[in-house]
Every structure is written in C-alpha cells, then in structure tokens.
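Q: Could you walk me through this structure slowly, giving the general idea of each feature before the case at hand?

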Amino acid sequence: MRTETRTRIRNLGILAHVDAGKTTLTERFLFLTGATHKRGEVHDGTTVTDFDPQERDRGITIFAAAVSCDWAGHRLNLIDTPGHVDFADEVERALRVLDGAVAVFDAVAGVEPQSESVWRQADRHGVPRLAFVNKLDRAGADLDTAVASIRTRLGTVPLPVQLPIGREDGFTGVVDLIRLRAHTWHPPQDDGTGGQETGPVPDHLAEEAVRRRRRLVETVAELHPGALEEFCATGTLDAATLTAALRDLTLSGEAVVVLCGSAYRNRGIEPLLDAVVAYLPAPADLPPVRGEHPADPTAPLTALAFKVTTTATGRLTYLRLYAGTLRKGDTVLDTTAGRTERIARILRVQADRTAETDRAEAGDIVAVVGPKSARTGATLCAPDAPVRLEPPVSADPVVSVAVEARHGRDTERLATALARISEEDPSLTVRTDPESGQTVLSGLGELHLEVAVEKLRRDRNLEVTVGRPRVAYRETPAGTVTGLTYRHVKQDGGSGQFAVAVLDLAPLEEGERVAGDRTGGERTGGGSAEDFVFRSTVTGGRVPAEFVRAFEAGCRDALAEGPLGGHPVTGVRVTLTDGATHVKDSSELAFRAAGRLAVREALRTAGTTLLEPVVEITVTAPGSSVGTVLGDLTARRARITDSTTHADTAVLTATVPLAALFGYATHLRSRTQGRATFTTRPAGYAPAR
C-alpha cells in the first residue's frame, strides 16, 4: 500500500443520541456513494445497518455495524453505533479502533444526554470529530441554538461552516461559508431535473453569509498560528488556508467543524461527505504502532480484535489492522490468549453481507474466519514479533436477572448459549448465585438484558424463564479506622505464617475519586481502579516491598464482599503504617492473607453505607402532564435538578435510583396517553434512601 493510498482511507463512526438520525445518515452515505441503489428507511425496517430482527422491531440501533463505500477517490469504512445508553459498550469498542467520527445532533433538541456521553467517550479515545446538526426541516429546528448547546454542554469550540437556507419546512439548502457558494436540493422531477444544485449565495442571505464567514475566520485565526499569520497580513483567509487550518484544528481536537442538513430529506449529505474526506484523519495521519511509518504494510502484522460474532456460517472476528499485511492462510499469534491461530478467510463487511478477499493491509477494517479463541480486545500479530495493544474496556454491569431453561433438557444448551453471547458482548456477564444456585445474567440496563434474552429465544430457539431485574449495589466505608493492628499467625507444623500489619482505613475524599461511569473505567478487585487507593508509609525496611505488594493484593481481595450485604466495596483508602515480619515464617502468602483479614476487620469496625446505582433522567412531556410526571418521579425517590419549558413542552431533569425505573417506560406512556418520552444516562452511585 503506497503512502498516497494510505491517505485515501477514512475509518469513522457515526455517534449520537438515540433517534438523532445516525442510521438514516449512514443510509444516505451508502446511497449517494453508490454502495446501495435504494434508500433504506428506519421506519420501514429496510436499512442496511439495522439488519438484526430486534433492531427492525424496536426501530433502534442495538449492534454496531460496519459498512464501506467510496467517495471522491477515498475509501470510507463506517461503523454505525447505537445511541441508547444500554449499548454504550458497543460505542466504546468501536471508538477504540476508529480514526474519526461524525457526531449527529438533533436541530431541535441540541445536545442530548447520550450525545454528551458518547462525546466524552470519544474524548477519552482522542478521536477527532465533525458535528452534523440534523433534522433542520423539523418544526422548532435552529442551528444557532444547537451550536450554542455544543459550546456550553460539550466544552468545545464549534466552528459552523454553513448557513441554512430556509427554516423548518422551508429548509432547502446551505451556504458554504468557506467558498461563499450555495448548495440547494430539490425533489427529483419526472423530467430528470432536481437533486443538488450549486450557485451563488441568495441575495437575502449574502450579507449574513459574509458576516458569519468573518466570524469563522477570526475564530480560526485565534486558534491556529499559521492562519493568524495570513490573517494579520491580509485581513482574511482564503479558502485553501481556511480548509487546512480547519483540518489541523479538527485533528488536534481544539475545535469541531459544524455542518448541517436533513438526512431524511437527503439535504446536506454531499458536503458532509466532502468534509469527512477534507477534515478527518487517514491511517497515515496517526502515530505508527510498529515500523517507521504510520499504517506501514511492510511492518510486522499488528491487529486488534474489536468485535466477535457468531453467524450461520461460523465465527467472525472483526479486526482493525494497524501495521503489516494479513493474507489468507497466514498463522498469527494471539498474544492475549498465548496461542497461534490460522486465518482461513478474510472478508470485507457490508453490515450482514460479506465479500471474500485474499489480503488486508494496515488501515483496513475486516472480518476473519479461523480464530477459535480470540476474544474482544485480543491482539493478533506476527508470531516472530509479539506485541500487545491496549484492549477496549468493558463497563461494569449494573442490572441482573436470573435466567433458567423452561425445560430441564435445555439446561446445557442454555449454558452454552449464555457463554456465547457473553463472548460476543463482554459487557454481559454470567455467574451462578452461590446461595440459590440460579444462573444470573448481568448487563448495563433493562433493555440490554431484554435484548440478550430475546436473542436466546430467537437465535438459539430456547425457552427461558426470567426473574425480576435486580441492580448491583455497592458498599462504602461510613467512618475511619486508625492504627488497627492485625496479627496473622498460623502454625500447623513446618513453616508457619506470620504477618503483622498496622493500617488506617478511610473513605476516599472527593478529590481522590475519579468520577467513573458505566461507559469506561478499569476494573480491579471489587471495584474500579479509581475506587481504591493504597499507600504504604512503612519506613526502615520493616516490611519488605514484596510483602507490601502482597498486602495490597489482600486488601483488594477483601473489597469483593462488604460486611453489610456482601456487595463489592468502593471508595476506600488504606494506608499501611507499620508492620513486623518473622525471619522464617513471613511470606507473600501470609501478608496477602493479613491484608484480606485486616481490611475485613477494619470495615466491620468502621461500618459501611449501602450505595445504589442512580441515573440522570430527562423527561419530555406536554405542559398539561407536568404535574403528573413530577408527582410520579417524586414517588420514585427522584431529585429534580432542572426544569425548562419550550412552547407547550416541558423538559424535566432528575436524578433517580435505577431500581425505581424498572417498567417506567410503560407507566409513563399510560400516565400521559403516550405523549411523553424519556432518556437516561448513568450518574454513578449514591447512598440508598
């Protein structure tokens, strides 16, 4: 692959809140680039990327789907991601392997809760983005209001490069502020006329377009040194300089280019495709993973598995190639599992359809058949040049249900099916309850588990019984313990165990805790890495370093079960202040046991507080139903944080325990005659009330 070829690939995702128009936008991309010959519609269940029966039944994207198309001599590899909060892990895995993204916003609602969540996920991965303000043809749509919400809620610098022509139903096109040209779209006519037209800026918008271009130029000059130099010399920026500066600002993340249109009416899509090519990075723009050059096809193979699915034809492992070349029949090393795998087939993916190819090169996103044990996050590389890439992080489950086969003869089939779906979706976990012996399926939300159970029924032809949902509680220290001395002495013949530790235990202060949510965070022991802090202030070598590490491991073991209800313990700081050893009987095993038992005793002494998962809920309801909605939320232990009214519609924001929202969708519809809607996003944990 020559360098010029590596610059002609764009690996991008489509990100947004549910119902903002991601899938419709992806369909328009495919149609306008010639990848499909008919426009699919979400409401008709005819879209390419929402091919799963559950996606078509529910009218939402559930599984991230990969497609490819060509535009202006460039290969675009797209991943359409879910917008519902319960499937945020699909977004996380996609962002790990993408080079850029288009964030889609509703022109009426602006930045919505899940819009903000996926934006923060992209921030963590350093993914450059474009913003597309969609649905400008809707009543109440306003580009300036949407841009203002991007600025205030996302904390970025939005750079609108277009001006809408017409409002709401009268929206017909956009003015390109970079070149001061107008793009308009008209419905196709019987005589073959219609479609996109490019011409001069309409007279009634000429002055406004010049004013907005000036504002754009001044903002870019403030942010970009090269543009500032030209601006100081000439008082303006030409189109080439402005485009180059916008690309630099996009790649650095200092600003985001904002475009607008209506995907449903096929308006504003071609300029957005041009912007993807102009502003988002190619594999060649990224730092090299291996070799001297980015996306070097001559370097040793390096690929990351970001998705695993099982189809009727076999197991598919989706790969992003960062370096090297992969050929059919190659043997690769899975450094995560420590075993070699043979690549039987390489497939180009178009949602649920595939086309076989003999090779893939650095920068490509493909699926392969052959690996038997590669899991999501596995690194596949050349056997003679092992390397391990950072895997995508799976979120901690917060909702659980008990599942069992309706017929005893299906018990083994159910166990196999559960293992398979948890392999495909790492955010689903399966365990056996030690007290009841029930099989417990855990996930990120009520809908997440509904989809998983329905998948068992449809894909595996299993009849299952499902228990009531339960949330994942946590415990946190209620007080502090200082100077607790714990002696672990055990002697049963031969070498014994001896460890003495003096420790302090306290709740983490707010400044020590890194606010984590369900969309990320590295898990360790009983909680995430941010939830436990260990320090040692032992001096004089009284406890050797290897024993300190063993003691810390024991502390983490103890956090798996708290004294209040056996829930994982979070928000803990442990300080080892002193200790003692025995020349013969002290060992890492003894100090690990001491750490475990000492922290358990300290937690019993300090006491713990029960924490429950809470979510931020945003309810949109007609003004006549506000009292009903508020009363119902209050009964569910909600704390109202914001309330706004626009026309005859009220938007209520509250923090509410997740357990209180089971079945809320049906209840809300019945209380408001189906006129109210709601969205949620994780808000962490709070003391149970």
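Q: How many helices and strands does the protein have?

A: Helices (H or I, at least four residues) and strands (E, at least two) are DSSP runs, numbered from the N terminus; in this protein there are 16 helices and 37 strands. The model is predicted, so local features need pLDDT of at least 70 and side-chain atom pairs count only at pLDDT 80 or more, while totals for chains, interfaces and linings use all residues. Residues are numbered from 1 along each chain as its sequence is written, and side-chain values use heavy atoms, with hydrogens and water left out.

Q: What share of the residues of the protein count as buried?

A: Buried means under 20% relative accessible area, exposed over 50%, and partly exposed in between (1.4 Å probe, protein chains only); by this reading, 54% of the 689 residues count as buried.

Q: Where is Glu423 placed, and which residues is Glu423 in contact with, leaving aside its neighbours within four places in sequence?

A: Contact means heavy atoms within 4.5 Å. Glu423 belongs to helix α11 (residues 411-424) and, once neighbours within four places in sequence are set aside, is in contact with Val308, Arg315, Arg375 and Thr376. Its relative accessibility is 13%, which means that Glu423 counts as buried.

Q: Which side chain makes a polar contact with the side chain of Glu423?

A: A polar contact is a pair of N or O atoms within 3.5 Å; within protein, one must be able to donate a hydrogen and the other to accept it, and residues adjacent in sequence count only if both atoms are side-chain atoms. For Glu423 the partner is the side chain of Arg375, at 3.2 Å.

Q: Is Asp137 buried or exposed, and what does Asp137 touch?

A: Asp137 sits in the loop between β5 (129-134) and α6 (143-154), and because its relative accessibility is 10%, Asp137 counts as buried. Its side chain makes a polar contact with the side chain of Arg265 (2.7 Å). Not counting residues up to four places away in sequence, Asp137 touches Glu168, Asp169, Phe171, Ser262 and Arg265.

Q: What is the phi of Glu168?

A: Most residues other than glycine have a negative phi. In Glu168, however, phi is near 50°, a positive value in a residue other than glycine. Glu168 lies in the loop between β7 (162-165) and β8 (173-176), and with 30% relative accessibility Glu168 counts as partly exposed.

Q: Where does Asn461 lie, and what is its phi?

A: Asn461 is found in the loop between α12 (446-459) and β25 (464-466), and its phi is near 55°, which is a positive value in a residue other than glycine. Asn461 is exposed, its relative accessible area being 63%.

Q: Which residues does Ala688 touch, not counting residues up to four places away in sequence?

A: Ala688, in the segment after β37 (677-687), touches Leu610, Leu611 and Glu612 on that count. At 35% relative accessibility, Ala688 counts as partly exposed.
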